[in-house]
Structure formats: structure tokens, C-alpha cells
Amino acid sequence: MAANDGTGGERAKLFEVTNAELSVDEVVGRLADPAVGAVSAFVGVVRGVTDGREVSYLEYEAYPEMAEQTLRQIGDEIRERWKTIREVAIVHRLGRLEIGERSVVIALSAAHRQETFGAVRYAIDRLKEIVPIWKKEVWAEGGAQWRSEE
Amino acid sequence: MKVTVKFFAALREAVGKPQTEQELPPGATVQDLMKLLTQEHPALSRHVSHINVAVNRKYVDLQTTLQQGDEVACLPPVGGG
């Protein structure tokens, strides 16, 4: 994968919603760049129990165009707050996800590790706050509910 | 004038469709649109105080004036991750 040379050529998308399975290696690979010495990543995984209730699966829905736009906005905010962060990639999966599957992969690169950890936390907190993505929990005992952070 | 209205997640289920076209008087605001939508789809009323609105993919407030052809999205509280 080419480095960010600003030509926008064959470079993989850094901010994406997709129905495809997520690979942490593949998302980290989108940040490939000889100037990078550290990558920190966050991986969201579908949990089988919420508030003591057994979850059968999750159904994710997005406003895809706006979701990708707000993911890019989070990347911009991070590079504004932490000047040492070189690149950000955030890929969120949509559709039906089974327990244990990856729902989101966030990866940040920098020359050195120091500021990557705080920036990863900011990225996932901000995602849950502003990105138009919703999840519906479908319960093993029957019934379902849309969940938000509220 | 006419705008496109999109509904997502719980709102899509409440309205029973993902999208509709809405005719509005010139100068109408997001608030005016929400009032009309709630009249037309009473199931929206229990959600309305929690809805965020985006116009052409940017969050806006209720006082925003709408334009012909705007894409207005009704967004329930988000919860990705």
C-alpha cells in the first residue's frame, strides 16, 4: 500500500463502513509508511451478555455516507489535538454480527508510541458520540432493542 | 419546496420506511418539518425529543432553515462501536 502522498491513487480508504468481516492486520496495513514506528489499535468485539441478558446477535445499521464523513472528522480532530499522530484508520462493520465477531477496528500510527494510547481512547469515545451508526441487540430469549450510549 | 427525509434504526421502524419526500412552505425550518412528520407519523412522537437532525450529512439545530432538495436525516441516539 502506498504512503500518503496526497495523490489519492490506489491507497486504501482510511475511514470506511463495510459489510465485510474485519481484519486487524489488514486495517493496520492501511497505515503502512516508513516513517511509522508505532501503531496502536482498538478492536470492538460483539459481547454475548449485556446487563445480564444473553444476546443472540447484533444488527448494525448506519447512515453510510455521513458515517464515513464523521469518521474522517474524528481523524482530523485527532491529528489536530495530537500533532505526533501521523495517520488514523477507522473501519466499522455493518449488518448482522455474531458473538465474538469484530465490529470496529481503529488504528493510529506515529513515529513513536507516546501519544497513540490517549488518541485511541479519544477515537472510540468520539465514535460512540457522533458517528451515525446504531446497533440492535437481539436477545436469546426473544425480543430486541436498539442500544445507545445514553 | 420539497425535501428528502431519511429515517434510521428505531425511527425507520417507527415510520415503517427508510425515506420519504416532504413538501414544505418556503422558509420552513427543521422544527417545522419535525412537527409535520410527527403529525403524519404519530409513532415518531415518543422519539422526537431524542432525535438529532442532519441536513446534507451535517448535524444542525432545529432553527435551521431548509432549502429545496435538502437531504434531511432523522437520527436516533447513536451507538456504534
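**View 1. A:Ile90 stands opposite A:Ile106 in β7(A).** Strand β5 (residues 85-93) of chain A pairs with β7(A) in the antiparallel sense, over seven bridges; two strands pair if DSSP finds at least two bridges between them. Helices (H or I, at least four residues) and strands (E, at least two) are DSSP runs, numbered from the N terminus. This is a predicted model, in which local features need pLDDT of at least 70 and side-chain atom pairs count only at pLDDT 80 or more, while totals for chains, interfaces and linings use all residues. Residues are numbered from 1 along each chain as its sequence is written, and chains are lettered from A and ligands numbered from 1 in the order in which they are written.

**View 2. The sheet of chain A is open and has four strands, in the order β1-β5-β7-β2, with mixed pairing.** At its edges stand β1 (15-18) and β2 (38-45) of chain A, each with a single partner strand, so one side of each is left without a neighbour in the sheet. From one strand to the next the twist averages 10 degrees, where axes are lines fitted to C-alpha atoms, for helices over the stretch in contact, and angles run from 0 to 180 degrees between N-to-C directions.

**View 3. Helix α2(A) lies across β1 and β5 of chain A.** The direction of α2(A) runs at about 155 degrees to β5(A). Helix α3(A) packs on the sheet, touching β2, β5 and β7 of chain A, and its direction makes about 145 degrees with that of β7(A). Two residues are in contact if their C-beta atoms, placed from the backbone, lie within 7 Å.

**View 4. The contact between the chains takes 23 residues from chain A and 14 residues from chain B.** Among the elements that give two or more residues to the side of chain A that touches chain B are α2 (64-81) and β7 (102-110) of chain A. The largest share of this side, four residues, comes from α3(A).

**View 5. The buried residues of helix α2 (residues 30-40) of chain B are B:Val30, B:Leu33 and B:Leu37.** They cover an arc of only 60 degrees around the axis, which puts them on the same side of α2(B); the arc is that of the directions from the helix axis to the C-beta atoms. A residue is buried if 20 or more other C-beta atoms, placed from the backbone, lie within 10 Å of its own. What covers the buried residues of α2(B) includes β1 (2-7), β2 (19-23) and β3 (52-55) of chain B.

Conventions
Buried ≥ 20, exposed ≤ 12 C-beta atoms within 10 Å, placed from the backbone.
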